[in-house]
Amino acid sequence: MTNAQHETSIADHPLGARIPHTTGTPAIFPSPDELSPLLRSADAPKHIDDWTYSDRPQLCIHVITFSDATVITITWLHTLADVMGMTTILNAWTALLQGNREAIPKLQGFRSDPLTQLGQRTPAEKYMHFNRVFGRKEFLCFIGLNIFDRLWYRQEERRTICIPATCLRSLRQQASSEISATSSSEGGTVPFVSESDVLLGWWVRSLYGALGLRTDQTILVNNALNLRTSLHESFMSKDSAYMGNALCMSPTFLQGQQIADEPLGQIALRIRESVAEQRTPEQVEAMTALQMQMMEKTGYLALVGDPRMMLLSCSNWHKARLFDMDFSPAVLQSSAQSSSQNTQKKGKPSYVNGVQHSANSFRNVLSVIGKDAGRNWWLTGVLRTDAWAHVEEQVHKLGSS
């Protein structure tokens, strides 16, 4: 653990003042990478060699203090944990701060790893998309087309988006009305879609225009499925927590024509229903069996779909509830922070973001960071540079609708 101390207000620091904050209107901010000189220690690990040729632990914490704010930066390897696993660490940390040792869970995965039980009972052929698994020829074609795309559009950028609560509320009402109209005409009950479903549906529709996709093109929306929230009994323990990586990808197939013609609500509903179908115990088992077989046979994970498809990926961190982490016992009291209510508010994050340090491209990947105390949603996406102009238009439309 390292720390840095600044005797000034965070607003007076040249980089601290640039940390995104809500303004009440939809906004796009520059890449969080630009804040790295402030948020990381000078010798913080960034490349794999920084770990393999040193005695650094897999988890590094850097604390930056100002006269009126504190920033915590956590750097870790994916070999240690996924985002939900990191939540386990943060929850244990805050529980210890609050003197609640009973809330610190025991960890699974040292002597008995629940993941070893997956993929043992259901054959891969039961997976709902088994007939769309790439062979070697399809895999090489898909990789080749993606390499060409990155050579043709060489520049890419990571940007942060803030969507205010009022805008998302309007989006969800719009989506619900559209779903209700369809369900009523069919005589059925109105299906539920979450705020996250609506956000992802909006993102997919925005990228359809931003990337110039065709109506006859297949678009694969790949959702990172947290296996802890699946219905598989391996993760049903309430007395212990699994800290390691426990996720797989849940694909939703859309056609460009659908995105062009169907309303937002229908796109969001398609995504929700697809994920619900794939989180059953049988599908989790079959999906895992497929990945195990492919790794043993080829050395790479299985891909499904059409080699000429556009792959859009999403990792939803909202379930990690990072904005709810409560560090209030560590807040120093002052005359301006006398009430417990104010201290509680001051002890929770006002901004959270993530940066992947990898030689691999994360183009067309969206991270839904979560919802802050004001119910504003924060997103981080990586797109080729020229695509951001169209996304900015869509973001600004949210504020005028």
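This report describes the sheets, helix packing and nonpolar cores of a predicted model.

**The three-stranded sheet**

Three strands make up an open sheet of mixed pairing, in the order S1-S3-S4. Its edges are S1 and S4, each of which pairs on one side only, and neighbouring strands are turned against each other by 15 degrees on average when direction is ignored. Strand S1 (residues 2–5) runs parallel to S3, to which it is joined by four bridges, whereas S3 and strand S4 (residues 70–76) are antiparallel and share seven bridges. The link from S3 to S4 is a hairpin of four residues.

Individual bridge partners show how the strands are set against each other. Thr 2 is paired with His 62 in S3, and Ala 4 is paired with Ile 64, also in S3. On the S4 side, the bridge partner of Ile 64 is Val 71. Strand S3 (residues 59–65) is mostly covered, with five of its seven residues buried. Helix H3 (residues 83–97) packs on this sheet, where it touches S3 and S4 and makes an angle of about 135 degrees with the direction of S4.

Ile 64 is also one of the contacts of Leu 38, a residue placed in helix H1 (residues 36–39). Is Leu 38 buried or exposed? Leu 38 counts as buried because its relative accessibility is 6%, which falls under the 20% limit. Not counting residues up to four places away in sequence, Leu 38 touches His 6, His 13, Leu 15, Gly 16, Ile 19, Ile 64 and Phe 66. Thr 73 stands 35 residues from Leu 38 in sequence, and the two C-alpha atoms are 9.9 Å apart in space.

**The seven-stranded sheet**

A second open sheet has seven strands in the order S2-S6-S12-S11-S10-S7-S9, again with mixed pairing. Strand S2 (27–29) and strand S9 (247–255) are the edge strands, each pairing on one side only, and the twist from one strand to the next averages 25 degrees. Within this sheet, strand S6 (residues 156–163) and strand S12 (residues 377–384) run antiparallel and are joined by eight bridges, and the partner of Arg 159 in S12 is Gly 381. Helix H8 lies across strand S7 (218–226) and S9, running at about 140 degrees to S9.

| Strand pair | Direction | Bridges |
|---|---|---|
| S1 and S3 | parallel | four |
| S3 and S4 | antiparallel | seven |
| S6 and S12 | antiparallel | eight |

**Packing of H6 with H8**

Besides lying across S7 and S9, helix H8 (residues 264–278) packs with helix H6 (residues 195–210) at an angle of about 115 degrees, their axes being 8 Å apart. The crossing in which H6 passes H8 is right-handed. From H6, the residues Asp 197, Val 198, Leu 200, Gly 201, Trp 202 and Arg 205 take part, and they meet Leu 264, Ile 267, Ala 268, Ile 271 and Arg 272 of H8.

**Nonpolar cores and a buried aspartate**

In soluble globular proteins, nonpolar side chains tend to be buried together. The largest nonpolar core of this model has 42 residues, and those with the most contacts inside it are Ile 161, Ile 163, Leu 200, Trp 202, Trp 203, Leu 379 and Val 391. H6 gives the most to this core, with nine residues. Val 391, leaving aside its neighbours within four places in sequence, is in contact with Ile 28, Ile 161, Trp 203, Leu 207, Ala 210 and Leu 383. Another core, of 26 residues, lies apart from the largest one and has Leu 118, Leu 225, Val 284 and Ala 289 among its members.

Asp 149 lies in helix H4 (residues 136–152), and Asp 149 counts as buried because its relative accessible area of 18% is under the 20% limit. Which residues does Asp 149 contact, leaving aside its neighbours within four places in sequence? These contacts of Asp 149 are with Arg 363 and Arg 384.

Conventions:
Residues numbered from 1 in each chain as written. Predicted model: local features only at pLDDT ≥ 70, side-chain atom pairs only at ≥ 80, totals over all residues. Heavy atoms only, no water. Axes fitted to C-alpha atoms, helices over the stretch in contact; angles between N-to-C directions. Helix = DSSP H or I, 4+ residues; strand = E, 2+ residues; numbered from the N terminus. Left-handed = near helix turned anticlockwise from the far one by under 90°. Contact = heavy atoms within 4.5 Å. Buried < 20%, exposed > 50% of the residue type's maximum accessible area, 1.4 Å probe, protein only. Core = buried A, V, L, I, M, F, W, Y, C linked by side-chain atoms within 4.5 Å. Pairing = 2+ DSSP bridges.
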